[in-house]
Each structure stands twice: as structure tokens, then as C-alpha cells.
There are 2 protein chains.
Amino acid sequence: MAGPVLALDIGGTKLAAGVVSPDAEVVGEGTAATDPAARPPEVSEALFELAEQVLRRGRLQMRDLAAVGISFGGPVDYEAGTVVTCHHLAGWEGVPLRDIVSERTGLPAVMDNDANAAALGETAFGAARGCQHVLYVTVSTGIGGGLVLGGRLHRGLNCMAGEIGHTHLVPYGPRCTCGRLGCLESVAAGWAMVRDARAALDGGAVSALRSIPPEELSARHVAEMAQTDALAEQIMDRAGEYLGLGIARAVTLIGPQVVVIGGGISQAGDVLLGPLRRGFERYVMPEVARGLRLLPGELSPRWGLYGAAALALRELLPVD
Amino acid sequence: MAGPVLALDIGGTKLAAGVVSPDAEVVGEGTAATDPAARPPEVSEALFELAEQVLRRGRLQMRDLAAVGISFGGPVDYEAGTVVTCHHLAGWEGVPLRDIVSERTGLPAVMDNDANAAALGETAFGAARGCQHVLYVTVSTGIGGGLVLGGRLHRGLNCMAGEIGHTHLVPYGPRCTCGRLGCLESVAAGWAMVRDARAALDGGAVSALRSIPPEELSARHVAEMAQTDALAEQIMDRAGEYLGLGIARAVTLIGPQVVVIGGGISQAGDVLLGPLRRGFERYVMPEVARGLRLLPGELSPRWGLYGAAALALRELLPVD
């Protein structure tokens, strides 16, 4: 198998560049905080500089690399190689980032959203190594997903498959970021946990979460306090069970061999995965799920980098 | 492309055998009612006799055929080629029907459940001709489904993918045939429509459905009377909207290009498909569904025969 490849990760709060070998060795890597005020050309420039630093440190040149993969933190038009929008940075609508990167590096390039990239990364290098059918769910500020079927990313119509966060769950439930009511994301994403914590605190709940300034309160605080604080535990329980239900439905429909749970909030471990497994067991069709493994992701905090590398290795290079 | 192929369909109430050419011409076919008391050897014998009649009428011999496909009305172990169970006929558990058929005909054989077979049939010959990603949903006494992804049947773990009827829908809803509560099937299948109609009639509802002897009341009656009877219309509306919601979730997750609605009750047309489309539009993520077509199946009443033929043509024979 050819390689190594260049992996680029554009996230909401950080940029990362790395050189990754086909056997998942990170030969070199660098990260930088994203400047929230930067426009796409500055962000790209910062990313290229990061990549060049990594190459210099590794005594490598661009021509030593076989391809470049890009994981982007927002929806992309996979076929056109353009960004649809970025939820954290301004001005990205329609930017042809794949071709910009390809021209600048002189390498064939592939780009996908971070959930699809991470799904392929966990399949190539992580918790789902060696599996053909994988459902990846990322639990973070939002809820995303990716499907690997028959060993390849399944992108579907409009390259939008995998949107488990926006499958309907609660009749007339809370309004979601997508504008509809009661999506899984509206009751189980990080932003929903924060909304629920604030509402409980506003209502006078006794909780250690009160020690955090309301405007700083994040899902990370809820997850961290869930082992010792009743309100935080209730919020994680509820979100986890809803996630388990949403995943159970997806499994009954798709029949993956492995479900991998990634994303920042999944790092909370059993305070999320415990109720998630309970909800899953309760609602899944057992005949479909016999032998299925439900696992935490293994690539944190480098899922973007490994995901980008997996895109380049699996989609651009010939497999021996 | 080689061919023609022998297509065998074992349903709950009838057997069918046919010879189908690669361009979907039914060269010959025959059907017979199943004897509810017959055991598997008698059923197989009746099926082989039907096949031989069809061949004789067409002046064909087994050696003129390239392969045989079998659509079975119940869960099968696709890899082993055995029947898991038949909901309508006794004694089928574990019967190695694929190999029995292959030995008897001297042809390579493939067998799958009727929903998977019909999904591939609609993709090869019917409403989803030429499509890569297809969700097929059959609405009949029960609710089944099949997924064609990248032009091939996606069977998933335990070859059980596609079970949209047993995805959870109503919290603490009615008990389902699978033993759990609130599956889509428990509120939208034919048997659920009959249950709801009986309950309303027992409660004193004024309805033309009362003219039918209670033990004979079927979903077909409800569908037929839905244009003129308020109770029947309400029952179809409710089932249709639930189906639309269940399909919207599946589409948001899988991103098919086409959803095909088949099965006996789908023949009711707009009294089912109208509310189904309303539920679908309300709950689907529009970015995923842009350009998607939601269509009635085209292969009724021969979906079993065409499905079996599609299995043989697409899975056993080389494509030119």
C-alpha cells in the first residue's frame, strides 16, 4: 500500500495537520487554535503552514506523500469538494477547499465532514478495525453520524446519509437546531444537556452545577459532575437513554456489526454509556443485534486526523 | 447476460413458479393455493410440479435455465440457505430449502425473505429501476423492509437488516408481534388496523365496517371503505402518518434515492399514501431528502416472482 498521507483536520476550535502511514503511525503532527475571526484564506494559510512545519520536522517533502485527506467540521458537498457551511467560522459557504488543497500540495485530495471521516477512521484504525458494517455516532455539542457499509462510507442521496441526530424522537419535543421539533439531537446533544441544566437551575434545583457561572456552563461540566451530583446524573441518564433508543432504531434498520460512540461527551464514559446501553437493550430488535458490539471510540482526541488519513488511504490509494 | 431463470415464490397463501428472462419478460408462470395443513416436503413437491408445468407449457427444460431464485414468506438464514421460520405454515424451521431446490433442479440457487427479494425486484424491474440506493417497505399483515445500497441488497449483521417494522415508534405503545412495545408494526400494520377497527366497533362506533362479520374483518376491508367511511378513514390516516414518520427517520439515516411502498395494503393507493406522504414531509430532514422519490411499487401482484428472479439474475449470474 502506498503512503504516507497528509491528514488535515479543520475543527471548530482547532486546526490539525499530520503525516500518517498506512499502518496508522502518526509520523508527525501539529495543532493550532483557530482564530474565530479568521476568514477562509487565513485559515487555509494557517493550515498549510502547520503542514509544512510537520513536514520539515519529519525531514519530508510534499512529494514523499501519496495523497491528502481533509476532515471538515461541518457539512460538505463531497462530490463537488466544497464546503456547505461551517457552524463555527464565517465565510465558508461554497469554498472549494478540496481543490484549493490539491493545487497547493500537488497531491490528490479528498474531503468529507468530520463524522464521516471519523467513521472511516474508527473502521480503518480504531474500535471497528476489520469490520464491514459500522455505525458511528458522535456525541458532542451536536450529534452526528456516519455509516460504513461493506467496508466503504455510505453517503447516500445528496451525500447526507448518517444524520441520526436529526431522526425524530420525541413527539412535539424541543425545537432542534434544524428547525424541527423533537429530533434526537434536541434531547441528547451537548447543547440540549446545557439547556436542561439551565432550566433546572433557573427552577431552583439544588446542584453543584450552580457553582459554575451560567454563561460558562457546558456539557463537559454536566458529564464531569454526573458521578457526584444528582441533577447532572439525571441529565446524563436522560440523554444516554434517548441515545440508546435512537441507536437501537438505527441498528434494527441497518444491522451494523459494531456501533462506535465517539465525540467529546462520549469521553465521559459510563455516566453516558451506561444509560445508553440500557436504552439500546430495551429498544433494539434482539434478532438483528445478536453479536453486535457497542464500543467507545478509540481515536480520541485525534479522530479528525485519523479520519482524514483514512479518507486519503481508503478512497484515493489502491489497496494492495 | 445469461438467462432465463426459474423464480419460485412461497407465500402465506399461495405458491408461484415462473420463468423470467433477464429483461423482465415472464416467459411462463403458474400459481397454486398453499394447503395450510401441508408439511414442507408436500409444499416443495407442489412447487416443483408447478415449475415443471410451466416449463412444459413453454417447451423448456431445466437445462435451458441459468439459475433459480427463491422468495420465502418468512425469515431465512441467507448464508446457510435455510428457513428460520414460516408464520403461516408449520414445520419449516431449519429446512435447507435452497439446497433442496438446487439439488432437484440441478441449478445454482439463492433464497431470501420476501421483503429483501421484492426490494431487489423493484430495483431490477420496477419502480426503482436504475437506482443505486433504495428503501423498500412492504405494508401488509405485517410491515417488512429491504435495503438496496450501491445496487446490491444490504443484509447486515445476521442478515437481518431492513426491519423497519420493528423500529420503536410509540413510547409504551401496543404490544407487537415481536414481544416489545410500540414498534412501527404495532401501530401501522394490517393486524394493527384490524385491532383498532374491532376496538372502535366494540366501543359502539358507527361505521360501515360493522356490516362485516367480526371474525372476517381484515385490513383490506378497512382500506376499501376508507373513501366513504369515517372510522375506516381515521384508521388509514393514523397508520399512514405513522408509516410516514417511520420512513422519514429511515430516510434521514440512510439517504435512499427512492422509497418504494409495496405489499397488499399499499394497493389501497391514496387513502394510505396521502397520510404517509404528510407524515414523511413533516418528519424527514429536508437536506437529506432533496430529490428523493416516494413511489408505490410496480410489481404487484408478482413481487414474489420478480423478486425471486432478481435474486437469481443479480446474485448468481455474471452481468455483461
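Trainee: Before we get to S21(A), what makes a stretch count as a strand here?

Mentor: A strand is a DSSP run of E with at least two residues, numbered from the N terminus. This is a predicted model, by the way. S21(A) sits in the loop between β2 (14–20) and β3 (26–33) of chain A.

Trainee: Why is S21(A) called partly exposed?

Mentor: Buried needs 20 or more other C-beta atoms within 10 Å, and exposed needs 12 or fewer. S21(A) has 14, so it is partly exposed.

Trainee: Which residues does S21(A) touch, leaving aside neighbours within four places in sequence?

Mentor: G3(A), P4(A) and V27(A).

Trainee: Over to chain B. What makes β10 and β12 of chain B edge strands?

Mentor: The open sheet has five strands in the order β10-β9-β8-β11-β12, with mixed pairing. β10 (152–153) and β12 (293–296) of chain B each have a single partner strand, so one side of each has no neighbour in the sheet.

Trainee: How do you know that β8 and β9 of chain B pair?

Mentor: Pairing takes at least two bridges. Strands β8 (134–139) and β9 (143–149) of chain B have six, in the antiparallel sense. Y136(B), for one, stands opposite G146(B) in β9(B).

Trainee: And how do you know that the span of α8 in chain A is close to the expected one?

Mentor: Helix α8 (270–283) of chain A has 14 residues and reaches 19 Å from first C-alpha to last, against 20 Å expected at 1.5 Å a residue.

Trainee: Which residues of α8(A) are buried?

Mentor: Among them are V271(A), L272(A), F280(A) and Y283(A). The buried residues of α8(A) pack against β8, α6, α7, β11 and β12 of chain A.

Key: Residues numbered from 1 in each chain as written. Chains lettered and ligands numbered in written order. Predicted model: local features only at pLDDT ≥ 70, side-chain atom pairs only at ≥ 80, totals over all residues. Helix = DSSP H or I, 4+ residues; strand = E, 2+ residues; numbered from the N terminus. Contact = placed C-beta atoms within 7 Å. Expected span 1.5 Å × (residues − 1).
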